[in-house]
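Work through the exercises below with the model open. Try each task before reading its solution.

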Amino acid sequence: GSTRYIGGTSHLIYLGAGGDGAESPNAYANVDQYQQQENPLTSWTEVTSDPELVLHLINMYFCWHYSFFTTLSKNLFYRDFLLGKPPPGSRRKTEYCTPLLVNAMLALGCHFTAWPGARTDRNDSATAGDHFFKEAKRLILEGDLHEVPALTTVQALALMSVREAGCGREAKGWVYSGMSFRMACDLGLNLDSGGMQSKQGAIDETEEDARKITFWGCFLFDKCWSNYLGRLPQLPNSMITVQKFEVFPVEDADIWSAYTDSGLSQAHAQPSRTRAVARQISRLCEISSDLMNFFYNPIDMDKAKGKQAELKKLSEIHQRLETWRRELPKELEPKEGGLPSMLVMHMFFQLLYIHLFRPFLKYNQNTSPLPAHVSPRKLCTQAAQMISKLLRLYKRSHGLRQICNIAVYIAHSACTIHLLNLPEKNARRDIIHGVKHLEEIAEGWLCARRTLGILSVLAKNWKVELPEEAATVLARTDAKFGPYGEVSTPKAAVHTSEKAKEQPTSGSPLLPAYSMPMSSAANTTTFFDKHGIPISSLTSDNLRRTSENRSLPPNDAAQMAFPRVVRHPTDAQNASTPASTTAGNRHSMDSTTNSSGNSPSQLFGGVDALIREGQDWWLRDQSQLAVGFENWDLSAEDIAWLSSSGIGSPSVPANGYVGGAVGGGIGVAGVNGAGLNGAVHAVNGNTNGGVNGVNGLGYGGALNSYNEDEWYQ
């Protein structure tokens, strides 16, 4: 677990055996130094001496988190874990289990249980796992573990990163993930180990498998972070030569049963298929990596790719997504009582469709490179509705008290689209269910509490008329968890005209960065999207009544002219950041100057804002998910389509969700001269139970086998 990669240009290859002074982990492999621990399970942590609690939390971790974020060899871990921590002075080594890794697992396990021992403050669910996480941090610092590359440290840091994200501390989580990924590369986990030699000789099959599963776990963490924060992947496909891990029939045949505070439930017991699901998720991650690098690369934001290049890439990625879906084994299709990891995997699949078609919302019908019958807005709506349907299926099958925190981000993305589609009937249904889902998830994950607060603020600032049930839920969660405005809320970077800059800021409530401001032609304050395109303009008067009026961003490109760009340090005085008017928004972003008006650092408020302790800057991408839909205003035709499509409604026949709504798909020969000649073929809606349309939202009627309204309360 500590074999490092040294490349041919490095002089370190001449160190030879023992050259770095490190003791071989296998030096005493044949020496029987085993000593029985009084409590092997509790020997790994100093937080608790209760073996029942440790076992309960480890079971929670493996049941609900490991099944999706598969980043270690479960069998090798248990082999060392059950023996207990080697006593002081023992020569016995544990290669696949360490106190750091165990405490990271225990911290995550705390988020799936209501046991008082899982909390630092027994009466405060917000402190779940804090004591184990604190112990993990202590072990890193006191043992300088970040300086000693090892598989278990890579795994622990990755788990710590995703746990911090679930607690709404993305800045810290991002750092932990970076440490994990860099250490993984230091160990050469991204490379095929076939030709690698360690000081102990060739790497055996056991360690090779452990290295593979660890790297592809990191690869998944990286893609989740990439989508979560709207950043480029740190582990690109181009740096990978290692093969995917093997699927072991015996291991995947182990029975998975839902484990809760009430014990094991056999209601949906089935083969775990952990590695089979993990391999499918890794394929989606490879697609996500290319999608993010092409459509969301900040280096290319100010470069015109050309409509044909965009259409070609869209066609390629869409075809890969459709191929993934078509080749998916039947046992991994979503169904009632399906594996939790499999259901979340399909939510991630639908999220990629939203991210794929979202960049094309910048076009209108006259400028879009897509065929006339292909509407990015409709496709994003279909994917959002499918995400909501999968969440309802997850709730019915397993409840939402135990679910991976990545589902919060996916649900947030879907709910934003539902808000934009209100008051359409399906959007009303989905937003009601969406906020109820998030309220249930919020008992275990703090990030869900923040998402509820954001949705509450969005609804108020957009003057959305929420359904009564949804409004009641948001009012209740605002009262229980506190409104979103009470935490630090960075503002969008702005450029103001001289006249607007002279206006007093006191008493002028400003729209948060994630709202849709009103447009005007004079005396403007301009908000930018992530591509550097001005979203809309606010007059000084409008700034004072933004909470009273709602308007969607302009549709006319003429209204979206670029503002003056600050290009010299002395011009910084001419750019300002809106002043915060509430205590909760006191950590406003600093105004930052750049050579480009659409620089990512300008969008996020500069480097200082990125590393600040305040944890809400990550919402910039979620805010852009909302305000990036410049052309979302619904026409009469769109409203009629939404009302008649019946996507996800109980009455939809089993032969497909999409029907003919999107016609023949993207694969139209010679569209705009692109000559794609059907590169992306839409499957006929009458075959394979409705696996049809541009984004293949139908799943053979598997999700239409029940009436949601009968069971969902």
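**Exercise 1. A pair across the chain**

In which helix is Arg396 found? The model is predicted. Find the helix, then work out what the side chain of Arg396 does.

Solution. 
- Step 1. Arg396 sits in helix α12, which spans residues 376-398.
- Step 2. Check the accessibility. Arg396 has a relative accessible area of 32%. Buried needs under 20% and exposed needs over 50%, so Arg396 counts as partly exposed.
- Step 3. Look for a partner. The side chains of Arg396 and Glu336 are joined by a polar contact of 2.8 Å.
- Step 4. The cut-off is 4 Å between a side-chain nitrogen of Lys or Arg and a carboxyl oxygen of Asp or Glu. Arg396 and Glu336 meet in a salt bridge at 2.8 Å, N to O.
- Step 5. Arg396 is in helix α12 and Glu336 is in the loop between α10 and α11 (340-357), so the pair ties together parts that are 60 residues apart in sequence.
- Step 6. Compare sequence with space. The two residues are 60 apart in sequence, while their C-alpha atoms are 7.6 Å apart.
- Step 7. Classify the partner. Glu336 has a relative accessible area of 34%, so it is partly exposed.

**Exercise 2. A lysine in a loop**

Is Lys244 buried or exposed?

Solution. 
- Step 1. Lys244 lies in the loop between α7 (205-229) and α8 (249-252).
- Step 2. Its relative accessible area is 19%. The limit for buried is under 20%, so Lys244 is buried.
- Step 3. The side chain of Lys244 makes a polar contact of 3.1 Å with the side chain of Glu286.
- Step 4. Leave out residues up to four places away in sequence. Lys244 then touches Lys212, Trp216, Arg279, Ser282, Arg283 and Glu286.

**Exercise 3. Helix packing around α3**

How do the axes of α3 and α5 pack, and at what angle?

Solution. 
- Step 1. Helix α3 (residues 99-109) and helix α5 (residues 151-166) pack at about 25°, and their axes are 8 Å apart.
- Step 2. Angles under 35 degrees count as roughly parallel, so α3 is roughly parallel to α5.
- Step 3. The crossing of α3 and α5 is left-handed.
- Step 4. Residues making this contact include Leu100, Leu101 and Ala104 of α3, and Ala156, Leu159 and Met160 of α5.
- Step 5. Now take helix α1 (residues 51-65). The axes of α1 and α3 come within 8 Å and cross at roughly 75°.
- Step 6. The range 65 to 115 degrees counts as roughly perpendicular, so α1 is roughly perpendicular to α3.
- Step 7. Among the residues that meet here are Val54, Leu57 and Phe62 in α1, with Met105 and Leu108 in α3.

**Exercise 4. A threonine and a backbone oxygen**

Which backbone oxygen lies 2.9 Å from a polar side-chain atom of Thr416?

Solution. 
- Step 1. Thr416 lies in helix α13 (residues 406-421).
- Step 2. At 1% relative accessibility, Thr416 is buried.
- Step 3. The oxygen is that of His412.

Methods:
Residues are numbered from 1 along each chain as its sequence is written. This is a predicted model: local features need pLDDT of at least 70, side-chain atom pairs count only at pLDDT 80 or more; totals for chains, interfaces and linings use all residues. Side-chain values use heavy atoms; hydrogens and water are left out. Helices (H or I, at least four residues) and strands (E, at least two) are DSSP runs, numbered from the N terminus. Buried means under 20% relative accessible area, exposed over 50%, partly exposed in between (1.4 Å probe, protein chains only). A polar contact is a pair of N or O atoms within 3.5 Å; within protein, one must be able to donate a hydrogen and the other to accept it, and residues adjacent in sequence count only if both atoms are side-chain atoms. Contact means heavy atoms within 4.5 Å. Axes are lines fitted to C-alpha atoms, for helices over the stretch in contact, and angles run from 0 to 180 degrees between N-to-C directions. Angles under 35 degrees count as roughly parallel, over 145 as roughly antiparallel, 65 to 115 as roughly perpendicular and the rest as oblique. A crossing is left-handed if the near helix is turned anticlockwise from the far one by less than a right angle, and right-handed if clockwise.
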